[in-house]
Amino acid sequence: MFKKILDIFRARITDPIESKHAAIQAHRLANNHYGMILKALRGYGPMGKDAIAYKTGLDSNQISRRMSELHQYGLVALTGDKTVSRAGRQERVWCIVGGD
């Protein structure tokens, strides 16, 4: 399912080996986050990043970064709706592409 995502490298060829190991760990962590986010959106429907963070137990900053990446991969999209964040501000609502 995450073939496109698994092809992304987070280190340069010229980076030292320690950086490459860290990049592999970061890549695995990101893939875990993708799965958690998609599972939450499938289970609960469209939500803003704060609601996704609450449902997954991830930090809202982690969600923000992952939503941008998932959007680039074509797995999630903005609904055009807004919801109120935990801070009382307007935030965008995300959904799974194709309504899975």
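Trainee: Is the crossing of α3 and α4 left-handed or right-handed?
Mentor: The α3 and α4 crossing is right-handed. Keep in mind that this is a predicted model.

Trainee: At what angle do the axes of α3 and α4 cross?
Mentor: Roughly 115°. The axes of α3, residues 49–56, and α4, residues 60–72, come within 9 Å. Angles of 65 to 115 degrees count as roughly perpendicular, so α3 is roughly perpendicular to α4.

Trainee: Which residues in α3 and α4 meet?
Mentor: From α3 there are Lys49, Asp50, Ile52, Ala53 and Thr56. In α4 they meet Ser60, Ile63, Ser64 and Met67.

Trainee: And what does that contact of α3 with α4 have by class?
Mentor: Four nonpolar residues, three polar and two charged.

Trainee: Changing topic. Where is histidine 33?
Mentor: Histidine 33 sits in helix α2, which covers residues 17–44.

Trainee: Buried or exposed, that histidine 33?
Mentor: Buried: the relative accessible area of histidine 33 is 3%. Buried means under 20%, so histidine 33 qualifies.

Trainee: What does histidine 33 touch?
Mentor: Leaving out residues up to four places away in sequence, histidine 33 touches Leu58, Gln62 and Arg66.

Trainee: Now the strands. In what order do they form the sheet?
Mentor: The order is β1-β3-β2. Three strands make up this open sheet, and the pairing is antiparallel.

Trainee: Which are the edge strands?
Mentor: β1, residues 47–48, and β2. Each of them pairs on one side only.

Trainee: What packs on the sheet?
Mentor: Helix α4 does, touching β2 and β3. The direction of α4 makes about 145° with that of β2.

Trainee: How many bridges are there between β2 and β3?
Mentor: Six, with β2 (residues 76–84) and β3 (residues 90–96) paired in the antiparallel sense.

Trainee: Which residue in β3 is the bridge partner of valine 76?
Mentor: Isoleucine 96. Another pair to look at is alanine 77, which stands opposite cysteine 95 in β3.

Trainee: Last one. What is there to see in the hairpin of β2 and β3?
Mentor: Five residues lie between the strands of that hairpin. Look at glycine 88 there, which takes a positive phi near 85°.

Conventions: Residues are numbered from 1 along each chain as its sequence is written. This is a predicted model: local features need pLDDT of at least 70, side-chain atom pairs count only at pLDDT 80 or more; totals for chains, interfaces and linings use all residues. Side-chain values use heavy atoms; hydrogens and water are left out. Axes are lines fitted to C-alpha atoms, for helices over the stretch in contact, and angles run from 0 to 180 degrees between N-to-C directions. Helices (H or I, at least four residues) and strands (E, at least two) are DSSP runs, numbered from the N terminus. Angles under 35 degrees count as roughly parallel, over 145 as roughly antiparallel, 65 to 115 as roughly perpendicular and the rest as oblique. A crossing is left-handed if the near helix is turned anticlockwise from the far one by less than a right angle, and right-handed if clockwise. Contact means heavy atoms within 4.5 Å. Ala, Val, Leu, Ile, Met, Phe, Trp, Tyr, Cys and Pro count as nonpolar, Asp, Glu, Lys and Arg as charged, and the others, Gly among them, as polar. Buried means under 20% relative accessible area, exposed over 50%, partly exposed in between (1.4 Å probe, protein chains only). Two strands pair if DSSP finds at least two bridges between them.
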